[in-house]
Amino acid sequence: MPSEKCALSDEDQVRVLTFQLLDFYRRAEKPVWWQLFSRQDMTTEELLEDIESLAGLQRTKTPPEPINNSFLFEYSFEPQESKMRSGSQGVIPESLASVQLVSLDHDACLATFKATAKKAPPDAFDMIPGRPIPSTPLRKALFRYADSVLAGEQRFQVVADFLHRRAPRVKGIEPGAPLLDPDLATTDAIKQVVRNLEDSVLFIQGPPGAGKTYTGSHVIVDLLKAGKRIGVTSNSHYAINNLLAAVEARAQVEGVTFKGLKKSSEGEGTDFTGRCIRSIEDKKEFLDNWGPAIDLSAGTAWLFADASFTEQLDYLFIDEAGQLSVANLVTMGMAARNIVLMGDQMQLSQPVQGVHPGRSGDSTLDYLLDGTPAIAPDRGVFLAQTWRMHPQVCSFISLAVYEGQLTSAPGTERQLLLLDGERPEVPDSGLMFCPVEHDGNGQSSEEEAAYVKALYEYFLRQRYVDKNGDEYVVTSENILVVAPYNLQVQLLRQVLPAGARVGTVDKFQGQEAEIVIVSMATSNEDYLPRDIGFLYSKNRLNVAVSRAKTLACIVASPDLTAIRCQTPQDMNLVNGLCMATRYGGEEKQSSRSEVFLSIRENVS
């Protein structure tokens, strides 16, 4: 089939993709089972290095705390990088018994688990990811869509538009014309476009700090005022709840009242309760309470894939759309007439498990944008102004990632460090490349750790000014330290003061600080622990640097810019770090604007 792809019509290619999607969940679940069995054979020491696990748990002397018919059991653990969070479900490797993580405090290294007295966790255990979440409702939804396609039904136009990558159809706007009215404020122009969508898909691209959640909440409240039925979804309850909180806040400001239901899951951290929205955990109870009187529904794909939701919503808002698979979009898309995707394909996406044919394993935005870093004005909305980054940080991110289309909002230029001059090489804003010579290091570097420690301690003696012009002392809350590997994260935690905000890029997506220090750790190409796409990922570089409000420091071996590239894709990846090296290094000898223009000319 791949060799004949170019000979297929667009319609036939989409039909092939639809067929390939039918087996997506079976393919995606196989590696989860393999990883589960593999982790059963790992030692506690090995699991400490596994970011997906929480290892070395030891029962504390705190007595179990009664809660309903269960108890809360407190455990301590060694410092480690883990994707486990409050509300996570997992299993114990030896028995595969399920455990429910209620709360997790990384700073205090304490975790609390909920269980009955009979099913209390052992005094010492490791927690690993469990079995795949049953995907039967999602599989059934995919087959319902495929059956509709085979029957020639003209239903689910919005799903077909997405799979064909069609431009949005907007009432009153000719195909090929910019979607936003230049005479309106950006938010008002977006509201107008969304109100006039005609059974179509709209992508709102929100670069770092560009106000994606702010925009989404304003648009949703505008639609609620117009009597539209809204769905809100994402891959995680955290993202859903974040958007719901913004919607509640905006609705209160505008004096809007509505009825909303959120389908939560077992475990703390998934429910949401507000002035207008309440949560229900049991799905049957949720569906019994759901009906025409409910204006806003929220939940994951397992909710909206249910046949009860078929063609029941006017709009489905998908937040963090870059972390959603194409398959999940199809399963949920049948619930709505229009879909609004919110996210950024140039930030971190959700890795799809398994090997999938064609484009069936793509994330939603990777499929829709097909390599385009910024959505075209006739095909979506690009939020072109960041309210976070100083112009000198933003200018690098804009050029390296967004084709020069991102600018800083007024006031961000006032975000400066007030430095004492003891380290004249450190600028008061922008990007700083810090070369550290070392060799033989793969996933951790003591040389870089020592440099980061000195830099960190220097910043703690300085002051900064925020965008309002107010002056403050730099504390550990104002500094993020980021590394690509868990080993370097652990080393940095050992050398930095207690309470330092240290973690991988994945941990800090969505967070920000005045100062960001990035430690690359690897010495050169001979010691790359993974493929070139991981360390040199433009998306990871984007997320790491764009956490900075004022100054981003990249600490790295200069040999990382001399790697041999095998393909044009490799060259594009390495070029991102080379640009950072030049932009963050040469600006100390010449004006930043001159370096910026020079790099831009060379890239062009």
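**Close-ups of a predicted model**

**View A. Cys434 is buried, at a relative accessible area of 1%.** Everything in these views comes from a predicted model. Cys553 is buried as well, with a relative accessible area of 0%. Do these two pair up, or are they too far apart for a bond? The sulfur of Cys434 has its closest cysteine sulfur in Cys553, 5.0 Å away, and that is too far for a bond, since a disulfide needs the sulfur atoms within 2.5 Å. Cys553, for its part, is in no disulfide. The tally for the structure is zero disulfides.

**View B. The largest nonpolar core takes in 96 residues.** Which of them touch the most other members? That would be Leu163, Leu341, Phe396 and Ile554. Helix α13 (residues 391-401) supplies the largest share of this core, seven residues.

**View D. Arg165 sits with its charged end over the ring of Tyr367.** The charged end is 4.0 Å from the ring centre. Arg165 belongs to the loop between α5 and α6 (186-195), and it is partly exposed, with a relative accessible area of 25%. The backbone is worth a look too: Arg165 isn't a glycine, yet its phi is positive, about 55 degrees. For context, most residues other than glycine have a negative phi. Another arginine over a ring is Arg85, which lies over the face of Tyr238 at 5.2 Å from the ring centre.

**View E. Phe156 also has a positive phi, near 55 degrees, without being a glycine.** Look for Phe156 in the loop between α4 (136-150) and α5 (157-163). Is Phe156 buried or exposed? With a relative accessibility of 8%, Phe156 counts as buried, the cut-off being under 20%.

**View F. The aromatic pairs come to 16.** One of them joins Phe304 and Phe309 edge-to-face, 5.2 Å centre to centre and with 70 degrees between the planes. Phe304 is buried, with a relative accessible area of 2%, and Phe309 is buried at 0%. Next up is the tilted pair of Phe382 and Tyr402, whose centres are 5.9 Å apart, with 55 degrees between the planes. That pair links distant parts of the chain, 20 residues apart: Phe382 is in strand β15 (residues 381-382), Tyr402 in the loop between α13 and β17 (407-408). Phe382 and Tyr402 are both buried. Elsewhere, ring pairs tie Tyr75, Phe113 and Phe125 into a cluster.

**View G. The chain is assigned domain 1 (42-129), domain 2 (156-383) and domain 3 (391-599).** How far apart do the C-alpha centres of domain 1 and domain 2 lie? They lie 34 Å apart. The contact uses six residues from domain 1 and four residues from domain 2.

Conventions:
Residues are numbered from 1 along each chain as its sequence is written. This is a predicted model: local features need pLDDT of at least 70, side-chain atom pairs count only at pLDDT 80 or more; totals for chains, interfaces and linings use all residues. Side-chain values use heavy atoms; hydrogens and water are left out. A nonpolar core is a set of buried Ala, Val, Leu, Ile, Met, Phe, Trp, Tyr and Cys residues joined through side-chain atoms within 4.5 Å. Buried means under 20% relative accessible area, exposed over 50%, partly exposed in between (1.4 Å probe, protein chains only). Helices (H or I, at least four residues) and strands (E, at least two) are DSSP runs, numbered from the N terminus. Rings of Phe, Tyr and Trp (its six-membered ring) pair if their centres lie within 6.5 Å; planes under 30 degrees apart count as stacked, over 60 as edge-to-face and the rest as tilted. A charge sits over a ring if NZ of Lys or CZ of Arg is within 6 Å of the ring centre and within 35 degrees of the ring normal. Domain bounds come from an automatic or database domain assignment. Contact means heavy atoms within 4.5 Å.
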